[in-house]
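User: I am new to this structure and would like to learn how to read it. Please take me through it feature by feature.

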Amino acid sequence: MKVTAPLLFDCLLALLLGCFASSCNWNQIEAANAEVEKVMSIVDSPPEFEGGLPAFYKYIGKNFKLPATCQESAIWGKVWVEFVVSKEGKLVSPKIIKGLGDQLEDGTLHPAAKAYHEEMLRVFSNSPRWVPGTHEGVARNVRIVLLARIIHRQI
C-alpha cells in the first residue's frame, strides 16, 4: 500500500490529537476562552472617550460626511448604535440596532437611510481609542449602546 502525504498527515494529526486530548482538561480550556472573549454590559467603571460623551459626539459631528445619495434628501431621526469597547480601548463591532425607518414599498431600506447608516458605522469604526472599562480592577470588553440623532434638511 502506497502512503500519500495527505494520508500520513491525517494519521499524525489524529495521533497528536488523541495524545493531547487524553492529557488535557477541555473544560478548563473552554472556561479560559470564554473569559477572554466575554463582553460585559455592567462594570465597575465604564469605558470613557477622552473628554467624555460630549467629545465623542463632537468627533462624530466632525467626521460624519454627508453621503452623496443624501444630498437632496430631507432626513431625520434617531440611530441607536451598539458597539464594544475592547479591553485595549478599541471600538469594535459597531452595528445599528435601531435605525432610520424610511422603508420603500417593497420593505427595503430607503437608499438615503442606508447610506446614513453606513456612514455612521464608518465613523464609529474609525473612532480614536477609549479608556477601557474595568471590573474588579481588570480591563474588560464592554458593550455600549449610544443614540445618535440625524437631522439633515434639504437645501
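User: Which residues of the largest nonpolar core touch the most other members?
Analyst: A nonpolar core is a set of buried Ala, Val, Leu, Ile, Met, Phe, Trp, Tyr and Cys residues joined through side-chain atoms within 4.5 Å. Buried means under 20% relative accessible area, exposed over 50%, and partly exposed in between (1.4 Å probe, protein chains only). Here the largest core has 24 residues, and Phe56, Ile60, Phe83, Met120, Phe124, Trp130 and Ile144 touch the most other members. At least two residues of this core come from each of helix H3 (52–63), S2, helix H4 (111–125) and strand S5 (138–152). Helices (H or I, at least four residues) and strands (E, at least two) are DSSP runs, numbered from the N terminus.

User: What should I know about the model itself?
Analyst: It is a predicted model: local features need pLDDT of at least 70, side-chain atom pairs count only at pLDDT 80 or more, and totals for chains, interfaces and linings use all residues. Residues are numbered from 1 along each chain as its sequence is written, and side-chain values use heavy atoms, with hydrogens and water left out.

User: How many helices and strands does the protein have?
Analyst: Four helices and five strands. Along the sequence they follow the pattern α-α-β-α-β-β-α-β-β. Of the 155 residues, 31% count as buried.

User: Which residues does isoleucine 60 contact, leaving aside its neighbours within four places in sequence?
Analyst: Contact means heavy atoms within 4.5 Å. With those neighbours left aside, isoleucine 60 is in contact with Met120, Val123 and Phe124. For the protein as a whole, take contacts between residues at least 6 apart in sequence: 75% join residues at least 24 apart.

User: Is valine 85 buried or exposed?
Analyst: Valine 85 is buried, because its relative accessible area is 0%. Its place is in strand S2. Beyond four places in sequence, its contacts include Pro47, Lys90, Trp130 and Ile144. The C-alpha atoms of valine 85 and arginine 129 are 8.5 Å apart, although 44 residues separate them along the chain.

User: What about glutamate 82?
Analyst: Glutamate 82 is also in strand S2. It counts as buried because its relative accessible area is 16%. Its contacts beyond four places in sequence include Ser93, Ile97, Arg143 and Val145.

User: Where does serine 127 lie, and what does its side chain join?
Analyst: A polar contact is a pair of N or O atoms within 3.5 Å; within protein, one must be able to donate a hydrogen and the other to accept it, and residues adjacent in sequence count only if both atoms are side-chain atoms. Serine 127 lies in the loop between H4 and strand S4 (133–135). A polar contact of 3.2 Å joins its side chain to that of tryptophan 130. Serine 127 is buried, since its relative accessible area is 12%. Not counting residues up to four places away, serine 127 touches Phe49, Phe56, Tyr59 and Leu91.

User: Which backbone oxygen does the side chain of tyrosine 57 reach?
Analyst: That of leucine 147, at 2.7 Å. Tyrosine 57 lies in helix H3. At 35% relative accessibility, tyrosine 57 counts as partly exposed. Leaving aside neighbours within four places, tyrosine 57 is in contact with Leu146 and Leu147.
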